[in-house]
Amino acid sequence: MKILVTGFDPFGGETVNPAWEAVSRLPAETGGAEIVKLQVPTMFGRAPEAVLREVERLRPDFVVSVGQAAGRTAITPERIAINCEEASIPDNAGFQPAGGPVVEGGPDGYFSLLPVKEMAAAIQAAGLPGKVSNTAGTYVCNHLMYHILHACHTRYPGMRSGFIHVPCIPEQQAGHPEWFALPLEEIVRGLTAALEVLAND
């Protein structure tokens, strides 16, 4: 079994992104499943292109994308992606969509193909804050989640995908003391617990 796990590069003026920092520190395998890691750009269009190139090469069983959600107080598997993209800040290429569709003519939304409730429970069982989220937002995270789920339904019917948002890390609080933060090693542990659910699924 192969699990492709992706994490975004820094954006919005930040110098780190806890998503990629955590993904890059995941073990090479868990529960007998191989974990392949990929950094993706925080850019509309470019992010799904990068992931789908790797999907075509690797043909993984699962794709788990990870992103930062400033202000979140838990590690949150996402339940749904919506067919809408709207950005309060530009992406790393300067693009700032204002409410158009992710995929023209696509369904209004796609539910995650991952066992999100079981993943959240596994994160909690590891002694960490975890819960299911019902909104992936309308920024690049939702854009990527929707695109990969669309590919699962239209091009790779045997593949399952979804998204996990993670809180910020303490290094980011210097400029944003109001943000909740989890130590990076705890985010890594929480993601590993969630991936173990897939390895045993």
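**Cysteines, a glutamate and a helix pair**

Me: Is cysteine 168 buried or exposed?
Reply: Cysteine 168 is buried, at a relative accessible area of 0%. Keep in mind that this is a predicted model.

Me: How many disulfides are there in the structure?
Reply: Zero disulfides. Cysteine 152 is in none, and the nearest cysteine sulfur to it, that of cysteine 141, is 17 Å away. Cysteine 168 isn't in one either, with the sulfur of cysteine 141 again the nearest cysteine sulfur, 11 Å away. A disulfide needs the two sulfurs within 2.5 Å.

Me: And cysteine 152, buried or exposed?
Reply: Cysteine 152 counts as buried, because its relative accessibility is 4%.

Me: Switching topic: where does glutamate 54 sit?
Reply: Glutamate 54 is in helix H2, residues 46-58. It's buried, with 15% relative accessible area.

Me: What does glutamate 54 touch?
Reply: Leaving out residues up to four places away in sequence, glutamate 54 touches Leu4, Val36, Leu38 and Arg59.

Me: OK, helices. How do H3 and H5 cross?
Reply: The axes of H3 (residues 116-125) and H5 (residues 184-199) come within 8 Å and cross at roughly 135°, so the two helices are oblique to each other. The crossing is right-handed.

Me: Which residues make that contact?
Reply: From H3 it's Glu118, Met119, Ala122 and Ile123, and from H5 it's Gly190, Ala193, Ala194, Val197 and Leu198. They divide into seven nonpolar, one polar and one charged.

How values were computed: Residues numbered from 1 in each chain as written. Predicted model: local features only at pLDDT ≥ 70, side-chain atom pairs only at ≥ 80, totals over all residues. Heavy atoms only, no water. Buried < 20%, exposed > 50% of the residue type's maximum accessible area, 1.4 Å probe, protein only. Helix = DSSP H or I, 4+ residues; strand = E, 2+ residues; numbered from the N terminus. Contact = heavy atoms within 4.5 Å. Axes fitted to C-alpha atoms, helices over the stretch in contact; angles between N-to-C directions. Parallel < 35°, antiparallel > 145°, perpendicular 65-115°, else oblique. Left-handed = near helix turned anticlockwise from the far one by under 90°. Nonpolar A, V, L, I, M, F, W, Y, C, P; charged D, E, K, R; others polar.
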